[in-house]
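This report looks at a pocket and at the ligand that goes with it. The sequence and structure are shown first.

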Amino acid sequence: MVERTLAIIKPDAVKKRVIGNVIQRYEAAGLYPVAMKMMSLSQPIAEGFYAVHRERSFFHDLTAFMSSGPSVVLVLEGENAIQANRDLMGATDPQKAESGTIRAAHGASIEANAVHGSDSPETAGFEIGYFFPGMDLQAGC
Ligand code: ADP
Ligand code: MG
């Protein structure tokens, strides 16, 4: 099924100058950008985005990191895009990420792990709407 997912190239990856490399990996995996913008998330915007993690010990550090510099926020479209992007990203902890994944290549730590990807249709719907209001989770618009 063709679907959409929300991806973020996080501030650490932008600082490392690997935006182009990451987008190349998306395209090579059949995940095509259908919306994209570069933006600096404020801490409140990062807190709203990661609200599901608000009780976690790392919430403050995570939202400070996510607002530490510009990110690239994208909607990717492709066959089983949500799981396909999770597979392409690799494990949250780059040290545990399979070789060939984005996090294995570019992640520095469990926090500064280069990319975000939605983990279910429900979160993809919320996350796409959060950054691209009015844009549908479904392909074909
Ligand atoms: P994922 O991004 O793989 O879906 P989570 O949703 O569990 O992972 O966590 C969201 C983000 O929070 C991670 O990508 C990472 O940047 C950060 N994070 C997760 N676990 C930790 C941790 N134990 N310590 C610090 N930061 C963390
Ligand atoms: Mg997650």
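## The pocket and its ligand

The lining of the largest pocket divides into eight nonpolar, seven polar and seven charged residues. Here Ala, Val, Leu, Ile, Met, Phe, Trp, Tyr, Cys and Pro count as nonpolar, Asp, Glu, Lys and Arg as charged, and the others, Gly among them, as polar. This is a predicted model, in which local features need pLDDT of at least 70 and side-chain atom pairs pLDDT 80 or more, while totals for chains, interfaces and linings use all residues. Residues are numbered from 1 along each chain as its sequence is written, chains are lettered from A and ligands numbered from 1 in the order written, and side-chain values use heavy atoms, without hydrogens and water.

The volume of the largest pocket is about 540 Å³. Of its 22 lining residues, Tyr 50, His 53, Phe 58, Leu 62 and Thr 92 are the closest to the centre. Helix H7 (121–131) and strand E4 (115–117) are the elements that give two or more residues to this lining, and H7 gives the most, with three.

Ligand 1 takes up the space of the largest pocket.

| Side chain | Distance to an oxygen atom of ligand 1 |
|---|---|
| Arg 86 | 2.8 Å |
| Arg 103 | 2.9 Å |
| Asn 113 | 2.9 Å |

The protein covers 80% of the 530 Å² of accessible area (Shrake-Rupley method, 1.4 Å probe) that ligand 1 has on its own.

Methods: A polar contact is a pair of N or O atoms within 3.5 Å; within protein, one must be able to donate a hydrogen and the other to accept it, and residues adjacent in sequence count only if both atoms are side-chain atoms. On a 1 Å grid over the protein atoms alone, a cavity is a set of points where a 1.4 Å probe fits but cannot get out, and a pocket is an open set with protein on both sides within 12 Å along at least five of seven lines; lining residues have an atom within 4 Å of a point. A molecule sits in a cavity or pocket if more than half of its atoms lie within 2 Å of its grid points. Grid points are joined across faces, edges and corners, and a volume is the space filled by probe spheres set on the points. Helices (H or I, at least four residues) and strands (E, at least two) are DSSP runs, numbered from the N terminus.
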